[in-house]
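Hi everyone, thanks for coming. Let me show you today's structure, and then we'll walk through a few parts of it together.

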Amino acid sequence: MAQAFLAQDPVEHVRWCRHVKAPGMAAPSGMTPDWASMPGARKQEDADALYLSQKDYITRVGRRNYQHVQEGKNEFMSFAGDRIPPIEMKAPRDNTRTPLLEPDALDVYIYWPPPPPAYEGRKRPVLLFLHGANVAKDQQGIGWLGDHVWFLERLPKELVVLIPICNDRQRRPWVSASVKATLLYIVEQAVESGGDPDRVYVTGLSMGGIAAWELAMDSAEGRAPFAAAVPVCGMMLNKQRLSSLVDYPLWAFHAANDQINSISDDDEAMGIILAAGANRGREPTLRYSRYERGPPDMDLISGFPTPDVGHLIWYMAYAEKELWPWLLEQRRDLRRFKKPGVVLKDGTLVPGGRHQGEVDERQLGIKEHIHKLIEAQQKHLREGGKDLVMPGREPIPPIRLQGERDDTRKPPLEPDAIDFFFVWPPKPEKSTEEKRPALLFLHGGWACQEEGGLVGLASEAFWVPRVPEDMVVIIPHTRSRNQHWLLRSVKATLLYAIEKAVKLGVDPDRVYVTGLSMGGTAALEFALSSAEGQMPFAASVPVTPYVMSVKRARLLADFPTWLFCGCNEWESLLARIDDAIETAVEAGANLHREDPTLLCTKYAWSPDTNDPGMYRLRNSGHGTFYQAYVEPELWTWVLSQRRGMKENQAILAN
């Protein structure tokens, strides 16, 4: 139901939520939420009193830092007189991106107070604070930082605070790719220095509030590390992603008279998240403090009145007594990002679901491996090599194969000549099998010789050294996308290569196929052809395939297939995968089986094709193979599948 409303006019969608008397209650169209009943709601007189009780302190903090900076100092001066110097930090350049991403260098003030006795030797919670626009270097600068982070010394003493400074509010705001890369790097360094990776939080005001919303959605989708977010007088840049926050801890603050960032933006966001199911039948994770008005606007440093624009609510928000205890209760819960495979219309669950947090942890573990592999392949090419580089093995030279001409066809079929790389590791000493299993890997379009070439192929085949040590991997390398896997002339040579491998000791009972993108589409088609007895594969692992025929998917009812894709993939691709699985299940897939043959893993988030890191900054979601091929259960499942030897030998012979 929520998805149907999300497809409508956002304003109408908010109106649908206008009757909510308690968090999460359904409401008929045309009604409005009772914001006073939202968790986090405050009476205006209480908010005013809270501000007035803090006004003198806020003024003194702001003036002290302002005067210190006016003396030519580049330090942040706290109210207690602590001088915090800036540290310049910059994320490493990401050479796997096309085009290359050059992160920004940012000055960072790190507030790391002595820990309370209970935290001696323990990891500390970390807060990333993102200031508003007027503190940026191209605006009024850090003289105004004390005004924004006035609450610093009133925080719980165990909290470490990271305060980066924006260089350019116009061209490089917090949400720009080059800045966001360094923000995440700053957090990563804090965690490595003793921060608790499960308790990293983000807050920001005005321009920083916009970024807090963005980083909250990134985190809910599993691609940023923040356990909770506190956006103050911000706004949204991408409302289509808001439903991801349905279970994400977030406390937003805004004033109805804000003339800088309109409160209608936050109202609409709250309506969308509530309609998606937030706070419904569970401990509320979504909080909203919607003040009737902000504090009387005044330049607290000079003492002069300024236009009353209702924007300075950080004087109220960060004084909220419940805010910091609530924040410190939040932890990055891996279970929150669980995606249980595919749930069909009738509630049937197709196995293969994964906890997104666990997936992300594995992905972080392989990031350095992939970077080193790409660098090694690039170095090999610069030295004039033409081989495929594999860690722990000698470079693998290409072998050009071409299937035999078939004159029985009209017109005669002339197979294509294709370069192959055969990864044929030594037979394990403990192996009692006479013949070896084999896997045919079909690369994606970007890895063709005329595009990414051997570097692209090495990137896509990064996982090959990690397969079971007795498995042979056959890697063909096509010239271009025009020489795609489904051409008869290409398929003929692929089958010819498998036939040669069988004669050299590959078990015809255990020949498998996998591929990604263009190769994933072919792997799925080869599964259907194998189910029809036209190809020799015992199982298939299609990654991000395009389903060419939903009707033919009924053939997957009895053929072992494990599909992989990311929920942030192209909608047309995801819809056809869902329809294909529905068709296969209706045809009897997994029916009365203890060991299901049809599995589907849909990750909450998948990275970009050229970004093997956890925190991607673009949104293609087509790099699912970085996740799929390191699934711990995948190769055990593949090797458990077999076909009849006589049947496969007949297919190969024909």
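The secondary structure of this protein chain comes to 17 helices and 22 strands; helices (H or I, at least four residues) and strands (E, at least two) are DSSP runs, numbered from the N terminus. Before we go on, this is a predicted model, where local features need pLDDT of at least 70 and side-chain atom pairs count only at pLDDT 80 or more, while totals for chains, interfaces and linings use all residues. Residues are numbered from 1 along each chain as its sequence is written, and side-chain values use heavy atoms, with hydrogens and water left out.

Of the 654 residues in the protein chain, 58% count as buried. Buried means under 20% relative accessible area, exposed over 50%, and partly exposed in between, with a 1.4 Å probe and protein chains only. Taking contacts with a separation of 6 or more in the protein chain, 70% of them come from residues 24 or more positions apart; contact means heavy atoms within 4.5 Å.

Now please look at helix α5, residues 177–192. How far apart are its end C-alpha atoms? They are 23 Å apart, which agrees with the 22 Å that its 16 residues should span at 1.5 Å a residue; the expected span is 1.5 Å times one less than the number of residues. The buried residues of α5 include Val179, Leu183 and Ile186. What do they pack against? The partners are β3 (87–90), β4 (105–111), β5 (124–130), β6 (160–165), β7 (195–205) and α6 (207–220). Just after α5, Gly194 takes a positive phi of about 125°.

Leu184 counts as buried because its relative accessibility is 7%. Leu184 and Ala224 are 40 residues apart in sequence, yet 7.5 Å apart in space, C-alpha to C-alpha.

On to the cysteines. How many disulfides does the structure hold? The count is 0, where a disulfide is a pair of cysteine sulfur atoms within 2.5 Å. For Cys600, the nearest cysteine sulfur is that of Cys565, 4.9 Å away. Cys600 counts as buried, at 0% relative accessibility, and Cys166 is buried too, at 1%.

Last stop: Tyr57, Phe76 and Trp150 are among the residues that line the second largest cavity. By class, that lining has 7 nonpolar, 1 polar and 1 charged residues.

Note on methods. On a 1 Å grid over the protein atoms alone, a cavity is a set of points where a 1.4 Å probe fits but cannot get out, and a pocket is an open set with protein on both sides within 12 Å along at least five of seven lines; lining residues have an atom within 4 Å of a point. Ala, Val, Leu, Ile, Met, Phe, Trp, Tyr, Cys and Pro count as nonpolar, Asp, Glu, Lys and Arg as charged, and the others, Gly among them, as polar.
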